[in-house]
Amino acid sequence: MLDTQVLIVGAGPVGLTLAVDLGLRGVRCMLVEQKEAPQFLPKMERCNARTMEIFRRMGLADRIRAAGLPAHCPMDVFIVTSIVEPPLLHLPYPSVAEAKKEIAASTDASMPLEPYQLISQYTLEPLLKSVAEKLPSVTVRYGTEFLDFTENPDSVTARLRRGDKTVEITALYLAGCDGGASPIRKQLGIGLKGEGNILELRQALYRCDALYGRIPIGKGRHYHVADAQHTFLILQDSTRHFTLHAVVEQDSDMVAQFAKTIVMPLPFEMINCGVWRQNLLIADRYGSGSRVFLAGDAVHLVIPTGGLGMNTGCGDAIDLSWKLAATLAGWGGPNLLKSYEIERRQVGERNVAAARFASTGRRKWRSMWRPNIRDNTPEGAETRANLARVADVEQRKSNEMLGAELGYRYVSSPLIAAEGGQRADKAVDVVADEGPEHNFIDYVPSTYPGARLPHVWLEDGTAVQDRVGHGHGYTLLRFAGNRDVAALGRAFAAHGAPYGVLDLPDKRARDIYGYDLVLVRPDLHVVWRGNALPDDPARLAALATGH
Ligand SMILES: Cc1cc2nc3c(=O)[nH]c(=O)nc-3n(C[C@H](O)[C@H](O)[C@H](O)COP(=O)(O)OP(=O)(O)OC[C@H]3O[C@@H](n4cnc5c(N)ncnc54)[C@H](O)[C@@H]3O)c2cc1C
C-alpha cells in the first residue's frame, strides 16, 4: 500500500525547498529528518539572486528577507590585516535596498528580478519547515532516521527508525536530499569524482552583540584576514552573530582566534565549533535511473567560496519538483524524469568548476601572504601592496559569479528544442549544442533554448517572470498578437498538459527576447523560440512534455 507519493529524506535547505515546492503543486509528500529539530549551526548564509527568484515564485521572498539581514546593510567584502586598521582591499557590494533600486531602474535584461539575500542556514531551515508544515499535502517528520530502501518496479519502500521503532514507508518516488554523506547515494553505490579533503578548517559561531556597530573600517559581510591561518570572519543575519573560519589545532583555539580577529575587548560567547573540509566533488549519477533521485550536497560538494552549495541544490529541487508533479499528474512523459540528471548534473559540474575557479583565486591571493605583512618596513609595505593587487583580481571571482548564478542553461536536454543543428526534415530535435558560451562571471541574457528566462520589466511595470505564475504549466509568450498559435495549444491539450498563451504586446521585451514567440516551461526555462510556430507543433509539445 502506498503511504505517500514522494518520500524526501533530509530536511536541509534542499529537502525543505523540494517539500514546499511539491506541496505547492499539490503533491503528497513526506519529509523525514534524523535530527529532532533544526539546529543552530552555521553553514550557508547567502541565497543568490536565482534562489531568491525561485523563492519569489514560491511566494516566500518577502518572508525570507524579513527573517534575513536587514535590507540596508552593506554586503561589502574586506581584506584586512585587522578589522581596526585600514583595509588592504575593500570591495563594495550593494545592500539589498540598493540592489533593488538598481534592478527597478534597469531597462535591459542583465539583472535578476530579485537580488541576493543574506540569511543564515539556521534561520532559513526553520522558516522553510514552518511553511512545509502548513501545506496540506506535506507531512514533516523530524526525529526520523532513514535506514535503507528497496526499489520495486512500481514503488520504493524505505525503512525508517523513529525512537526505538522501525517503520516502513512506501512511496512512488524517493528523493535523497540527505547531504554530503548521503546514505541513499551510498546504498546506490554511486561514487563521487573530484578532489576531496582539500583543506580542513574549523568553523565556530559566536554571539558578539557590540561588534557590528563598532567595526571602524566599514560595515560588510565578509572580513578576510590576511594571515597564515586563513582567518575569515562572516557576518550572520542578526548582525549579532558571526562565524569564523580558521586553520587551528583544536576547538578551544577558536576562542582566542576570535578575540584576536576582533581586536577590540568586547564580550562574546562561542556558541559552537566544528571541523569542516573543503571538497570539490560530483556524483557519477543523480539517482537510480528510475524511482530514486538525489539532490543537493548528496550529489555535489563545493567549496562554499562563491556560495554555490545550497544555491545549486535549490536549483536541483525545483527542477525535480515540477517533473515529479507532472509525472504524477499523468501528463509528463518518460523523458521528463530522465532529463533531471541530464539537466542538473551538467549544472553541478559547471558549479564545481566555478567553485574551483573562485577558490583557486582565493588561494592565489592568500599565497601572497608573508610573515612580514604587518611590519612597518618597506618590505612589509610591499607584501601588503602585492597581496592587495592580486586580491583585487582574484577575490572578485568569489563575489561576482553572476554568470554561474543566472546564466546556466540546459544543454542536450531531451526537453529542449536545440537550435543550430536542426535536421532539415524536422522542426525540432535534440542535437549538438551551438548555444552561447557558459561564463562564470558575466551574465549574458539570452533566450537560447535551455536558458532561464531573463528578467525584463514590461511597460506596465510588471515583470515577465511574475506574469508566468508559479502554478502555470507551459507558457507561450507571444509578443506579436497576430501569430496563429492554436495548433500548439491543441498539441499540449492532447497530452493533457497545462499550457497557456500570454500576450505581451511590449516592444522592448520583444526586442530583448529577440523573437515573437518564446515557449517556457513551469520552471521558467526556455523550451523553444521562433517567429512562427514550427512546422510540427505536435512534435514540439511532445518534446517539451517528455514524450
Ligand atoms: C562553512 C560553510 C559555508 C557555506 N556557505 C554557503 C553559502 O553561502 N551559500 C550556499 O549556497 N551554500 C553554502 N554552503 C553549503 C551549504 O551549506 C550546503 O550546500 C547545504 O547545506 C546543502 O543542503 P542539503 O539540503 O543538500 O544538505 P544538508 O544541509 O547537509 O542537509 C541534509 C540533511 O539530511 C539529513 N540526513 C542525513 N542522513 C539522514 C538519514 N539517514 N535520515 C534522515 N535524515 C538524514 C541531515 O541531518 C541533514 O539535515 C556552505 C557550507 C559550509 C560548510
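1. Which residue in β10 is the bridge partner of L7? In this model, which is a predicted one, the partner of L7 in β10 is L174. The strands concerned are β1 (residues 4-9) and β10 (residues 165-176), which run parallel and are joined by five bridges.

2. Strand β1 also pairs with β2 (residues 29-32), again in the parallel sense, and here the pairing extends over four bridges. Within this pairing, V6 has C29 of β2 as its bridge partner.

3. Is β1 enclosed or open to the outside? Six of its six residues are buried, and strand β1 is therefore largely enclosed by the rest of the structure.

4. Turning to the aromatic side chains, the structure holds 16 aromatic pairs. One of them is formed by Y206 and F258, whose ring centres are 3.9 Å apart and whose planes meet at 15°, so the pair is stacked; the cut-off that this conclusion needs is that planes under 30 degrees apart count as stacked. Because Y206 lies in strand β12 (residues 200-207) and F258 in helix α8 (residues 253-262), the pair ties together parts that are 52 residues apart in sequence. Y206 counts as buried, at 0% relative accessibility, and F258 is likewise buried, with a relative accessible area of 0%.

5. A further stacked aromatic pair is that of F492 and Y499, with 4.7 Å from centre to centre and 10° between the planes.

6. Which residues do ring pairs link into a cluster with F492 and Y499? The cluster is made up of W322, W331 and Y474 together with F492 and Y499.

7. Two contacts between a charge and a ring deserve a separate entry. The charged end of K219 sits over the ring of Y212, at 5.5 Å from the centre of that ring. In the other contact, the ring of Y408 has the charged end of R344 sitting over it, 5.5 Å from the ring centre.

Methods: Residues numbered from 1 in each chain as written. Predicted model: local features only at pLDDT ≥ 70, side-chain atom pairs only at ≥ 80, totals over all residues. Heavy atoms only, no water. Buried < 20%, exposed > 50% of the residue type's maximum accessible area, 1.4 Å probe, protein only. Helix = DSSP H or I, 4+ residues; strand = E, 2+ residues; numbered from the N terminus. Pairing = 2+ DSSP bridges. Phe/Tyr/Trp six-rings, centres within 6.5 Å; stacked < 30°, edge-to-face > 60°. Lys NZ or Arg CZ within 6 Å of the ring centre and 35° of its normal.
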